Amino acid sequence: MLRKLMKHELRATARLMLPLYLVVLLLSVGARFSTAWLDTTPTLSPVLEKLLNLVSILVVMGFVVGLIAVFAVALVLMIQRFRSNLLGDEGYVMFTLPVSPHQLVWSKLLISTLWFAGAAIVDILALLLLVVNQSFLSDLQELLPRLMERFNSYYAAHSVLVAAEVILLCVVVAINLCLEFYAPLSIGHSFDRHKMLLSVVFFFVIQIASQMVGGILLFASTPTLDAANHFMNTQPPEMVLHAALWFSILVSLVYSAVLYVINHVMLSKKLNLE
């Protein structure tokens, strides 16, 4: 059933995200051709030259806005879909389906993570479309082997494992980001009135509480700093990198687990759809 929920969520969100991805790529091509055309165009009349410069600037500005918009829209869409499907009028239907709250939430977590990953890939492709030329490719052809050689000299056979750990960390961080909005929304919608206002309030309450807990834990771990410093100075670079990545992953997982439990309890026992 989770697969069906994800399929439905993917179809509903793809109608917005896929055209947005395409627009960003087209803006990248437009920004490249507009700047290249101005560089190669012969001298024009002052009025026409100013007009073309203005068009070029607008295209480049639109491209920059597009790079930011893919993430902003993915974030807003993630919040809107969770609120409208599970906390609004559609919730009456969604919670009568033969699925658990876990499946409802995970369908949205996974699809939102997919769109965040897609936004990152599209932004990278758009930037490459903007800057790639023969000179760039030649420089990259010379630089890439050096970077790989330097990376392998430090991390050797650990390269694939490091890449997998970085990907895992990005996935966990994306899920954590979603839950940072899901949890306060669920809490706010457990009340009879001012649901969105209370959701915003609880968002900041959770953020402040997490910062305070983090500060307390950091202060409590002060006696272990010498041991951590000794570990970094005595262990090979690849082991230090593995340790740092797994520490970040575990911290994000613990925080995500706390938020997930809060969200699940609110949806299962405290949700008020009236």
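## Basis of the model

The model is predicted, so local features need pLDDT of at least 70 and side-chain atom pairs count only at pLDDT 80 or more, while totals for chains, interfaces and linings use all residues. Residues are numbered from 1 along each chain as its sequence is written, and side-chain values use heavy atoms, with hydrogens and water left out.

## Overall fold

The protein chain has 9 helices and 0 strands. Helices (H or I, at least four residues) and strands (E, at least two) are DSSP runs, numbered from the N terminus. Read from that end, the order of elements is α-α-α-α-α-α-α-α-α.

Of the 274 residues in the protein chain, 31% are buried. Buried means under 20% relative accessible area, exposed means over 50%, and partly exposed lies in between (1.4 Å probe, protein chains only). The accessible surface of the chain comes to about 17,100 Å², and carbon and sulfur atoms account for 74% of that. Accessible areas come from the Shrake-Rupley method with a 1.4 Å probe; for residues, only the protein chains shown count as cover. A contact means heavy atoms within 4.5 Å. Among contacts between residues at least 6 apart in sequence, 82% join residues at least 24 apart.

Side chains of opposite charge can pair when their charged atoms come close. A salt bridge is a side-chain nitrogen of Lys or Arg within 4 Å of a carboxyl oxygen of Asp or Glu. The structure holds 2 salt bridges. In one of them, Arg-81 meets Glu-9 at 3.1 Å, N to O. This pair links distant parts of the chain, with Arg-81 in helix H2 (residues 46-87) and Glu-9 in helix H1 (residues 2-40), 72 residues apart.

Lys-108 also forms a salt bridge with Glu-9, and their closest N and O atoms are 2.7 Å apart. Here helix H4 (residues 101-131), which holds Lys-108, is linked to helix H1, and the two residues are 99 apart in the chain.

Is Glu-9 buried or exposed? Glu-9 counts as buried because its relative accessibility is 5%. Lys-108 is buried too, at 3%, and so is Arg-81. Leaving aside neighbours within four places in sequence, Glu-9 is in contact with Arg-81, Asn-85, Ser-107, Lys-108 and Ile-111.

## Helix H7

Helix H7 covers residues 195-220, which is 26 residues. From its first C-alpha to its last, H7 reaches 37 Å, close to the expected 38 Å. The expected span is 1.5 Å times one less than the number of residues in the helix.

The buried residues in H7 include Lys-195, Ser-199, Ile-206 and Gln-207. An α-helix has 3.6 residues a turn, so residues three or four places apart point the same way.

## A nonpolar surface patch

Leu-51, Leu-54, Val-55, Ile-57, Leu-58 and Met-61 form a nonpolar patch on the surface, with about 560 Å² of accessible area together. Patches are made of residues with over 30% relative accessible area and no salt bridge: like charges are joined within 9 Å, and nonpolar side chains (Val, Leu, Ile, Met, Phe, Trp, Tyr) within 5 Å. Ile-57 lies in helix H2 and counts as partly exposed, at 47% relative accessibility.

## Cysteines

How many disulfides does a search of the whole structure find? The search finds 0 disulfides, where a disulfide is a pair of cysteine sulfur atoms within 2.5 Å. Cys-170 is partly exposed at 48% relative accessibility, whereas Cys-178 is buried at 0%.
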